Amino acid sequence: MEAKASARYIRVTPMKARRVVNLIRGQQANEALAILKFAPQGASEPVFKVLQSAVANARQLADRDGLPFKEEELVVSEAFVDEGPTMKRFQPRAQGRAYRINKRTSHITVIVASPDSEEVR
């Protein structure tokens, strides 16, 4: 069994979010939540919320299908960050010039799976 959660248009740069996502890839879900809770990076909060949502989705799927659910067995099988649209802003500079500021966004996706579903792949 695997469950997926994603958050789109998050106002954090993809490069910074990928640093956080790399910490949790392949970890157990409970362990990954603990890592994210105490990670100093600002991007750890939205990744934490997406991981919580993926675990809740897995619980929902297990209840719907009547399967036993053990949160301790869930593993972060996939986690990735895609680049969203960039908001382009301008900063006034000296002598009438303008410098462009890129405000980047991210699409964060986390997939959790129980170990038995990973063997099937």
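When I say buried, I mean under 20% relative accessible area; exposed is over 50%, and partly exposed is in between, with a 1.4 Å probe and protein chains only. Quick housekeeping: this is a predicted model, so local features need pLDDT of at least 70 and side-chain atom pairs count only at pLDDT 80 or more, while totals for chains, interfaces and linings use all residues. Residues are numbered from 1 along each chain as its sequence is written, and side-chain values use heavy atoms, leaving out hydrogens and water.

Okay, strand E5, residues 106-113. Helices (H or I, at least four residues) and strands (E, at least two) are DSSP runs here, numbered from the N terminus. In a regular strand the side chains alternate between the two faces of the sheet. So which residues sit on each side of E5? Ser106, Ile108, Val110 and Val112 are on one, His107, Thr109, Ile111 and Ala113 on the other, and all are buried.

Now its partners; strands pair if DSSP finds at least two bridges between them. E5 pairs with E1 (residues 2-10) in the antiparallel sense over 7 bridges, and Ala113 is the bridge partner of Glu2. E2 (residues 75-83) also pairs with E5 in the antiparallel sense, over 8 bridges, with Val76 opposite Val112.

Those two valines come back in the largest nonpolar core. By that I mean a set of buried Ala, Val, Leu, Ile, Met, Phe, Trp, Tyr and Cys residues joined through side-chain atoms within 4.5 Å. Of its 26 residues, Ile24, Val47, Leu51, Val76, Val110 and Val112 touch the most other members. E1, H1, H2, H3, E2 and E5 each supply at least two residues, and H3 gives the most, with 6. Contact means heavy atoms within 4.5 Å, and beyond four places in sequence, Val110 touches residues including Ala3, Val50, Leu51, Ala54 and Val76.

What about the helices? The axes of H2 and H3 (lines fitted to C-alpha atoms over the stretch in contact, with angles from 0 to 180 degrees between N-to-C directions) come within 9 Å and cross at roughly 160°. The two are therefore roughly antiparallel, the cut-off for that being over 145 degrees. Residues meeting there include Leu33 and Leu36 from H2, and Val47 and Leu51 from H3.

Last one: Arg18, in helix H1 (residues 14-24). Arg18 is partly exposed, at 38% relative accessible area. Leaving aside neighbours within four places in sequence, Arg18 contacts Val81, Asp82 and Glu83.

Notes:
Angles under 35 degrees count as roughly parallel, over 145 as roughly antiparallel, 65 to 115 as roughly perpendicular and the rest as oblique.
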